[in-house]
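Please read this short report with the model open beside you. It moves from the whole chain to single residues.

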Amino acid sequence: MRDWPIRFWQSLSAVGLLLATLFFAASLTPSLVPRPFVLQGVLSGLSLAAGYGLGALAEWIWDSLQLRRPSGRLRRFLQIGAAVILAVVAATFLWKASEWQNSIRVLMDLPPVDSAHPTKVGLIALAVFALMIALARIFQIVFRLSSRALARFAPGPVAMLAGAAIATFLFWSIADGIFFHWALRAADASFKQLDALIEEDIPRPTDPNKTGSSASLIKWRGLGRQGRAFVATGPTQQDIGNFLQRDAMEPIRVYAGLNSAETPEERAQLALAELKRVGGFERSSLLVIVPTGTGWVDPAASNSVEYLHGGDIASIAVQYSYLTSWLSLLVEPDYGSETSRALFHAVYDYWTKLPKDTRPKLYLHGLSLGALNSELSVELLEVVGDPFQGALWSGPPFPSPLWGSVTRRRVPDSPSWLPRFGNGSVVRFTSQQNALNIPGANWGAMRIVYLQYASDAVTFFDPRSIYQAPSWMVGPRGPDVSPELRWYPVVTFLQLLLDLATATTTPIGHGHVYAPQHYIDAWIAVTDVQGWSTENIERLKVKLAKEMP
């Protein structure tokens with residue numbers, strides 16, 4: 001028993017250790033989002049395991065082909081050499097890790113870090129690596145036992161395939177039982193309780209023209225937590241009038257929560273009836289909003305457009321989930337698109353029956369998963385005869401079909417993080433710096449704008465980064481993407497996967513946290529705002545930026 005560490009060391013793959021070293025080193029390089037040392041340690045541990053697994057697989061294939069292997073003495077020499085290389089490379093890259101992280105932080109106006117905590121990162125990485133190796137060894141034991149048992153009744157290759165299938169099934173069943181049933185049920189119950197929570201600091205509206213009031217068709221409790229926040233906050237008529245120094249209107253906000261009605265269609269029709277009740281179709285502009293997975297509507301978007309239109313605007317939204325966007329997409333991937341389609345068609349069908357010269361201009365908006373579902377809410381061929389006026393989709397997730405199609409078909413010399421499409425008459429893209437005023441381009445009847453940051457992994461995660469560099473890494477980098485970022489097979493995929501999970505931890509104006517000043521430029525373009533001086537636009541940007549938490 002005393003010599004088990006030696007036997008364990010000798011059992012490790014020399015090729016696996018060498019490749020694990022390279023993967024570990026690459027994991028310390030920057031990606032899109034700054035990483036604290038705990039997350040860096042987890043990422044590095046997973047990279048170690050991935051590199052070791054690939055190296056061990058290569059060695060297994062070598063043995064399966066019965067190719068000659070190094071002798072025992074040479075093998076031990078290679079293992080020792082791998083250990084030395086591991087120590088030198090790990091130390092060098094750990095030493096540079098803080099410099100690499102600061103190359104992102106400075107672009108996001110974050111204070112630099114003095115240390116990347118190399119000891120803590122290394123220990124966490126080793127712990128994660130050890131856990132992954134233990135799981136792999138358990139899988140290997142199950143595979144071997146199953147194969148040997150089946151070898152009594154079936155040929156060797158068949159027994160091995162069946163053994164692998166059995167081991168995979170057992171591991172997947174355990175993971176499915178723990179994660180998809182226990183963990184997701186716990187998350188579902190937690191988010192459901194949070195959604196039902198009545199906040200004391202958000203009083204029920206007394207104005208009968210407000211959704212959730214005693215005169216409303218939608219009960220206050222039925223709005224849900226995010227719906228109550230949406231209808232009870234935002235700029236008032238007085239706020240807007242004081243800023244503009246002229247008369248303004250009270251913006252209209254209508255919201256139907258999950259508990260307002262049984263089905264998406266019923267909730268959409270209820271929201272439409274409420275919109276009619278409060279006079280939403282009598283405003284100059286009407287905005288159909290698809291919330292994020294939790295039902296949240298970004299105040300940076302809604303507040304800015306209401307100021308720009310002097311309050312002469314109505315907004316309508318319907319909740320489709322109370323889970324966070326990634327959980328909602330995982331658990332109920334079609335529910336958001338069903339709800340957004342039901343809402344759009346309810347509003348659009350009524351809107352098209354109104355006289356064209358008196359009805360409001362119709363716009364769409366969504367952030368994150370809301371942008372994806374807003375995209376999916378309408379087929380452009382369905383509205384070509386009587387089109388809505390435009391859409392602003394911010395932080396579109398990477399699976400968004402229209403966004404992906406337009407990005408792939410962009411003008412060749414434009415970067416994929418800020419594409420130019422066609423002649424710019426229908427679709428334009430913008431980022432932190434306003435890129436919507438394209439020389440020589442004229443808007444058509446419909447205006448679609450994508451607001452996206454180059455550092456947003458929700459938009460720029462690419463599953464193919466496991467084997468090829470993402471297109472946004474080719475050519476000039478975005479303004480908040482580190483010049484030190486490089487592509488490494490497998491490792492970049494893991495880095496971007498972590499960036500995807502932490503995209504909302506960045507400062508506002510970077511990652512997946514969109515700033516009101518950037519919405520303002522986008523809304524001016526989409527809704528054709530007139531009568532605003534450059535001075536007042538800048539004043540509004542400063543005001544709303546200060547009001548954001």
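## Ground rules

Buried means under 20% relative accessible area, exposed means over 50%, and partly exposed lies in between (1.4 Å probe, protein chains only). Helices (H or I, at least four residues) and strands (E, at least two) are DSSP runs, numbered from the N terminus.

This is a predicted model: local features need pLDDT of at least 70, side-chain atom pairs count only at pLDDT 80 or more, and totals for chains, interfaces and linings use all residues. Residues are numbered from 1 along each chain as its sequence is written, and side-chain values use heavy atoms, with hydrogens and water left out.

## The whole protein

The protein has 19 helices and 7 strands. Of its 549 residues, 49% count as buried. Its accessible surface is about 26,700 Å², and 62% of that belongs to carbon and sulfur atoms. Accessible areas come from the Shrake-Rupley method with a 1.4 Å probe; for residues, only the protein chains shown count as cover.

A contact means heavy atoms within 4.5 Å. Take the contacts between residues at least 6 apart in sequence: 74% of them join residues at least 24 apart.

## Confidence

The predictor gives each residue a confidence called pLDDT, from 0 to 100. The protein averages 86, and 86% of the residues score at least 70. Confidence is lowest in helix H1 (residues 4-11), with a mean of 55. It is highest in strand S7 (residues 447-451), at 98. Where pLDDT is low, the predicted coordinates should not be read in detail.

Which residues of helix H8 (residues 237-244) are buried? They are Ile 240, Gly 241, Phe 243 and Leu 244. These residues sit on the same side of H8, because they cover an arc of only 165° around the axis. The arc is that of the directions from the helix axis to the C-beta atoms.

The face turned away from the buried side carries the exposed residues Gln 238 and Asn 242. Helix H10 (299-308) and H19 are among the elements that cover the buried residues of H8. Just after H8, Gln 245 takes a positive phi of about 60°.

## Helix H13: mostly covered

Helix H13 (residues 369-376) is mostly covered, with 7 of its 8 residues buried. The buried ones are Leu 369, Gly 370, Ala 371, Leu 372, Asn 373, Ser 374 and Glu 375.

Patches are made of residues with over 30% relative accessible area and no salt bridge; like charges are joined within 9 Å, and nonpolar side chains (Val, Leu, Ile, Met, Phe, Trp, Tyr) within 5 Å. One nonpolar surface patch covers about 540 Å². Its members are Val 38, Val 42, Leu 46, Leu 131, Met 132, Leu 135 and Ile 138. Helix H3 (37-64) and helix H5 (118-150) each give two or more residues to the patch.

H5 supplies the largest share, 4 residues. Ile 138 lies in H5. Its relative accessible area is 44%, so Ile 138 is partly exposed.

## Salt bridges

A salt bridge is a side-chain nitrogen of Lys or Arg within 4 Å of a carboxyl oxygen of Asp or Glu. The whole structure holds 12 of them. One joins Asp 386 and Arg 359, whose closest N and O atoms are 2.6 Å apart. This pair links distant parts of the chain, 27 residues apart. Asp 386 is in the loop between helix H14 (380-383) and strand S5 (390-394). Arg 359 is in the loop between helix H12 (335-352) and strand S4 (361-367). Both ends are buried: Asp 386 at 13% relative accessibility, and Arg 359 at 12%.

Arg 464 and Asp 462 meet in another salt bridge (3.2 Å, N to O). Here Arg 464 is partly exposed at 44%, whereas Asp 462 is buried at 11%. Glu 547 and Lys 543 also pair up (2.8 Å, N to O). They are 4 residues apart in helix H19 (residues 534-547), so about one helical turn separates them. Glu 547 is partly exposed at 44%, and Lys 543 is partly exposed at 25%. Salt bridges with shared partners also join Asp 521, Glu 538 and Lys 541 into one network.

## A meeting across the sequence

Where is Leu 258 placed? Leu 258 is in the loop between strand S1 (252-256) and helix H9 (264-277). It has a relative accessible area of 16%, so it counts as buried. Leu 258 and Gln 319 are 61 residues apart in sequence. In space they are 5.6 Å apart, C-alpha to C-alpha.
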